[in-house]
Amino acid sequence: MRTGFPDFRLGSVLATSFTGTLSERHGNAVERIPTPHRLVDWLKVYDLAVASCTSAQLELARELRESIHVAATAAALQQTLPASAVQVINDRSAQGRAAAVLTPEGERRWRLSSASCVEDALGVIAADAISIIAGERDGRLALCASPTCLAAFFDTSRSRTRRWCDMNTCGNRQKKARFNANQRKDPGSAE
């Protein structure tokens, strides 16, 4: 990983993890893929390794990311999906030529058409977004309870009542703020 950039917020669901490359959307936004090289780094983490990325491909990726965010947010709120976001997701899915392959260990991996085909990787991400927004997977789309985040995430918890996109960031920040507010109300409770 390249130093000098914010850490990636990694999750187990590809599409919503990709939308997490822009975090704190309603606060001090943090861009986690500010350069083409950083997108290469992120794709490698998710076994979608590409050798290079152009500025134009980075813009395609950001357009896809924002379209997934908008569509997933609408789905989580049970609203009509914005046509422009749906079009971008569908276009990226159709443009990708990645193939699902089975490993000897019985796992699925993606084979991109070439080492520099960012479009193939974006197609995989778009297809993952389609599967979760269409309700094809076991879980539910939800929005982070943090007022500065509000990221769409895919809740696969048993009760489907998860509140935070990431407990280590948004969840802990909110719990700490609640604790500090309670300490200010009752300063003698820490004794």
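Modeller: Start with Trp42, which counts as buried because its relative accessibility is 1%; buried means under 20% relative accessible area, exposed over 50% and partly exposed in between, with a 1.4 Å probe and protein chains only. The model is predicted, so local features need pLDDT of at least 70 and side-chain atom pairs count only at pLDDT 80 or more, while totals for chains, interfaces and linings use all residues. Residues are numbered from 1 along each chain as its sequence is written, and side-chain values use heavy atoms, with hydrogens and water left out.

Biologist: How many aromatic pairs are there?

Modeller: A pair of aromatic rings is described by the distance of the centres and the angle of the planes. Rings of Phe, Tyr and Trp (its six-membered ring) pair if their centres lie within 6.5 Å; planes under 30 degrees apart are stacked, over 60 edge-to-face, and the rest tilted. Here the count is two. Phe18 and Trp42 make a tilted pair, at 5.1 Å centre to centre with 55° between the planes. Phe18 belongs to helix 1 (residues 14–19) and Trp42 to helix 2 (residues 36–45), so the pair ties together parts 24 residues apart in sequence. Trp42 also forms a tilted pair with Tyr46, at 4.5 Å and 35°.

Biologist: Are Trp42 and Tyr46 buried or exposed?

Modeller: Both are buried. Phe18 is buried too, at a relative accessible area of 0%. Phe18, Trp42 and Tyr46 form one aromatic cluster.

Biologist: At what angle do the axes of helix 3 and helix 5 cross?

Modeller: Two packed helices are described by the angle between their axes and the distance between the axes. Axes are lines fitted to C-alpha atoms, for helices over the stretch in contact, and angles run from 0 to 180 degrees between N-to-C directions. Helix 3 (residues 55–76) and helix 5 (residues 118–133) have axes that come within 11 Å and cross at roughly 0°. The two helices are therefore roughly parallel, a label for angles under 35 degrees; over 145 is roughly antiparallel, 65 to 115 roughly perpendicular and the rest oblique. Contact means heavy atoms within 4.5 Å, and the residues making it include Leu60 and Leu64 of helix 3 and Leu122 and Ile125 of helix 5.

Biologist: What helices and strands does the chain have?

Modeller: Helices (H or I, at least four residues) and strands (E, at least two) are DSSP runs, numbered from the N terminus. The chain has six helices and six strands. Buried residues make up 40% of its 191 residues.
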